[in-house]
Amino acid sequence: MSIQLSILDQSPISQNSTPEEALKQTAELARHAEAWGYKRFWVSEHHDAPTLAGSSPEILISHLGAVTNKIRLGSGGVMLPHYAAYKVAENFKLLEALYPGRIDVGVGRAPGGMPRASYALNDGKPRDASKFPEQVDDLLMYLHDALPEEHPYYGMKATPVTESAPPVWMLGSSVNSALLAAEKGLPYMYAKFINAEGDTRAARAYRERFKSHHGSRPRNSVAVFTICQETEEQAEYAASSQDLSLVLFAQGKPSDGTPHPEEARRYPYSKFEREAIEENRKRMIVGTPQQVADGLEELAAAHGAEEVMLVTITHDFQDKLESFRLIAEEMKKRS
């Protein structure tokens, strides 16, 4: 089957590297992704996360637009409960004016960080995600200059006033987020790399409950961790860094960045940690180009998805580039 491939990059920082280097690598990856034929390149929003450099997707998207020519760029995603929908609309309308027809607005309701970051972002108040559905409505109205007369801000425009409006994508990792996307008639991206459980249920619920708005059609995609190398042994070696990172993160243990595979090899895993790695592999596809391509096709078929978004974290940036290159070449052979 023909699958469109996209990339979500979190600008991860490797051990003995820096945030500046991670951001340079994100820009380099975006240029390569465009050359290799990837459809979208999204960047994430994480707060108070010392091992991830991507805290402000809107600013990073602006830079990526300047170093690429045609690949779609977007947020994976903006954590809308932290912000005013009006300001988010203005940020993305400005991006749309700079890079017409290339911008996606991916939104989610997750905190994107630990509780103290949420308090800091909300002026010391608890984050209120209950208003997220209404915020999505407001965001859509601002983007399309469609405030009804009964709206308290009727007549106000999110500027600049652009000829086109960027599409809004709903991001999520649960059936609830899928149902909200369906109700709003929005495209939906399921984060399997966050939650491997319930993914096909979410896809099914989305397609069954989808309500078309202005001719929209159901478009559900899925994002998954992938690591691909020429041989299975090389892929497992590169993936061991991510295995260890996920184990340490789940236990709240300190980390100074994506560890080297040699450190992962030497790590004295407990029985519990080895079981955690096995469980985490349910949200990863690791192997040779053929193995990964088979896994992506199976995943897309299970979701009824036309597109799969790849998330790859390795210690060595060249391994990361090689992974995306090999997958793109293998999938192109099959299209």
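A residue is called buried under 20% relative accessible area, exposed over 50%, and partly exposed in between. By that rule Arg334 is partly exposed, because its relative accessibility is 26%. The model is predicted.

**Salt bridges around Arg334**

- The structure holds 22 salt bridges.
- One of them joins Arg334 to Glu330, with the closest N and O atoms 3.0 Å apart.
- Both residues belong to helix α12 (residues 317-334), where a spacing of 4 residues puts Arg334 and Glu330 about one turn of the helix apart.
- Arg334 is partly exposed at 26%, whereas Glu330, at 8% relative accessibility, is buried.
- The pair is part of a network of salt bridges that links Asp294, Glu297, Glu330, Lys333 and Arg334.

**Other salt bridges**

- Arg281 and Glu236 form a salt bridge through their side chains, at 2.9 Å from N to O.
- Asp123 counts as exposed at 64% relative accessibility, while Lys125, with a relative accessible area of 47%, is partly exposed.

**Helix α6**

- Helix α6 spans residues 175-184, and its buried residues are Ser177, Ala178, Leu180, Ala181, Ala182 and Lys184.
- The elements that cover these buried residues include the helices α5 and α7 (199-209) and the strands β6 (168-172) and β7 (188-191).
- Gly185 follows α6 and has a positive phi, near 70°.

**Second largest pocket**

- The volume of the second largest pocket is about 470 Å³.
- Its lining consists of 19 residues, and those nearest the pocket centre are Leu140, His144, Leu186, His213 and His214.
- By class, 10 of the lining residues are nonpolar, 5 are polar and 4 are charged.
- Helix α5 (residues 132-143) gives the most to this lining, with 3 residues.
- Helix α5 is also among the elements that cover the buried residues of α6.

Key. Residues are numbered from 1 along each chain as its sequence is written. This is a predicted model: local features need pLDDT of at least 70, side-chain atom pairs count only at pLDDT 80 or more; totals for chains, interfaces and linings use all residues. Side-chain values use heavy atoms; hydrogens and water are left out. On a 1 Å grid over the protein atoms alone, a cavity is a set of points where a 1.4 Å probe fits but cannot get out, and a pocket is an open set with protein on both sides within 12 Å along at least five of seven lines; lining residues have an atom within 4 Å of a point. Grid points are joined across faces, edges and corners, and a volume is the space filled by probe spheres set on the points. Helices (H or I, at least four residues) and strands (E, at least two) are DSSP runs, numbered from the N terminus. Ala, Val, Leu, Ile, Met, Phe, Trp, Tyr, Cys and Pro count as nonpolar, Asp, Glu, Lys and Arg as charged, and the others, Gly among them, as polar. Buried means under 20% relative accessible area, exposed over 50%, partly exposed in between (1.4 Å probe, protein chains only). Contact means heavy atoms within 4.5 Å. A salt bridge is a side-chain nitrogen of Lys or Arg within 4 Å of a carboxyl oxygen of Asp or Glu.
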